[in-house]
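The following paragraphs lead the reader through one protein structure, part by part. Please keep the sequence and the model in view while reading.

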Amino acid sequence: MKIRDIRTHLLKAPLGDKRFYSSQAAFPARTSLLVEVIAEDGRIGWGEGGQWGPTEPPAAVIEQIFKPMLIGRSVHEVTRIWEELYGYTRDFARRGPYLEAQSALDVALWDLKGQDLGVPIHSLFGGAFRDSVPAYATGCYYRGADVHDEAAVLEALKKEAASYVEAGFSILKIKTGLWPVDKDAKRIAAVREAVGPDIALLSDANHAYRASDALRVGRILEEYGYLMFEEPVPPEDLDGYRRLRSSLNIAIAGGECEYTRWGFRDLIVGGTLDIVQPDISVAGGLSEFAKILALATAYNLMVLPHVWGSGIALAASLQALAIIPESPYRAFPLPFETEPIVEFDRNPNPLRDDLITAPFSLIGGRLPVPQKPGLGVEVNREVLKKYTT
């Protein structure tokens with residue numbers, strides 16, 4: 001099966017009064033870049049990039065640089081294509097939009113290869129360890145007409161956290177870092193109060209702190225029984241990561257801003273992380289995810305992909321999570337301790353909930369791994385058209 005054409009779709013879904021904040025910025029819209037790789041027999045493979053930066057740069061890379069190189073190539077040459085594209089651009093594009101573009105194309109090619117062979121992507125990587133994945137709710141951002149109105153935000157935060165438990169989640173992740181440390185301590189406490197002692201809680205700062213402040217926050221998280229502290233310091237501060245990992249009794253996670261096996265090699269060998277979080281739509285696609293997984297498991301580290309895009313990114317992540325072995329192995333899987341869990345973003349996102357024809361739903365606290373050939377999902381063309389800019 002050869003590639004006949006490649007098309008890019010720049011998507012934007014405004015959120016209006018449902019916008020929210022992380023420590024870094026407001027989210028007035030959900031955006032993404034979808035790439036459509038069309039085979040000579042008309043079948044289509046989908047991939048995704050451009051999830052949190054401008055969508056135009058990776059789209060331009062695909063249209064102007066990679067597309068002319070790929071027309072006429074066999075979709076079964078996925079690994080060779082990855083290495084050739086990376087080698088061709090290595091001098092100037094080892095990170096950023098080029099890698100996002102390459103990630104999107106890589107997933108689309110795996111999608112087509114699976115369709116051609118009639119099997120889901122996880123079969124192409126040697127088989128699935130599970131047909132569903134325990135899910136954790138990513139939510140509890142900073143919301144409201146005034147995100148600095150402490151009383152109103154805390155009250156809404158408690159209700160939001162409780163709603164996730166009512167929906168069937170037993171693991172939640174909240175945001176910190178927009179407020180001062182002393183005020184964020186109240187957020188950390190409020191969520192624990194709202195959900196009780198038996199719900200597993202995780203925290204994500206989106207690299208908001210210096211190591212000294214992150215250490216203060218980490219000790220508050222320990223006090224309230226949180227299990228993970230994600231991106232506590234900027235991704236460049238490897239010494240800060242090591243300081244926190246050696247000082248806190250809580251798992252330190254990161255990697256969503258990192259690219260390729262070489263970038264993750266430096267994080268892993270450097271002793272910075274307990275939990276490795278490559279984003280498949282950023283770090284190099286499914287091809288590179290498999291290499292990062294091999295490296296991380298050699299160091300007995302957990303791998304939990306970062307997930308932030310549309311239904312395409314979520315489908316790709318579920319295919320990846322299906323191939324992660326128990327780490328370390330035990331007779332009975334334990335979510336988060338030994339069994340990987342999937343990030344299920346609960347913020348408003350029509351690109352996740354409406355773009356694919358059969359949206360993902362929580363079943364017994366888990367998300368099913370698609371079993372149809374390739375990614376196992378189909379795109380709703382009317383929704384695609386609606387949100388294409």
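In this predicted model, the buried residues of helix α7 pack against α6 (181–195), β8 (200–204), β9 (228–230) and α8 (238–247). The helix α7 itself covers residues 211–223, which makes 13 residues. From its first C-alpha to its last it reaches 18 Å, close to the 18 Å expected at 1.5 Å a residue. The residues of α7 that are buried are A211, D213, A214, L215, V217, G218, I220 and L221. After α7 comes G225, whose phi is positive, near 75°.

The account now turns to the largest pocket. How much space lies in the largest pocket? The volume is about 490 Å³. Its lining is made up of 26 residues, and those nearest the centre of the pocket are S22, F27, W52, N206 and W308. Three elements, β3 (26–27), β4 (29–39) and β7 (171–175), each give two or more residues to this lining. Of these, β4 provides the largest share, with 3 residues. Sorted by class, the lining of the largest pocket contains 9 nonpolar, 9 polar and 8 charged residues.

Two individual residues deserve a separate description. One of them, S287, is placed in helix α10, which spans residues 285–298. Is S287 buried or exposed? Its relative accessible area is 3%, and because buried means under 20%, S287 counts as buried. The side chain of S287 is joined to that of D106 by a polar contact of 2.5 Å. Residues up to four places away in sequence are not counted in the list of what S287 touches, which consists of V78, W82, D106 and W110.

With which side chain does the side chain of E339 make a polar contact? The partner is R366, at 3.0 Å. When neighbours within four places in sequence are left aside, E339 is in contact with R130, S132, P134, M302, E326, P333, L334 and R366.

Methods. Residues numbered from 1 in each chain as written. Predicted model: local features only at pLDDT ≥ 70, side-chain atom pairs only at ≥ 80, totals over all residues. Heavy atoms only, no water. Helix = DSSP H or I, 4+ residues; strand = E, 2+ residues; numbered from the N terminus. Buried < 20%, exposed > 50% of the residue type's maximum accessible area, 1.4 Å probe, protein only. Polar contact = N/O pair within 3.5 Å; in protein donor to acceptor, adjacent residues only side chain to side chain. Contact = heavy atoms within 4.5 Å. 1 Å grid on protein atoms, 1.4 Å probe; cavity = no way out; pocket = protein on both sides within 12 Å on 5 of 7 lines; lining within 4 Å. Points joined across faces, edges and corners; volume = space filled by probe spheres on them. Nonpolar A, V, L, I, M, F, W, Y, C, P; charged D, E, K, R; others polar. Expected span 1.5 Å × (residues − 1).
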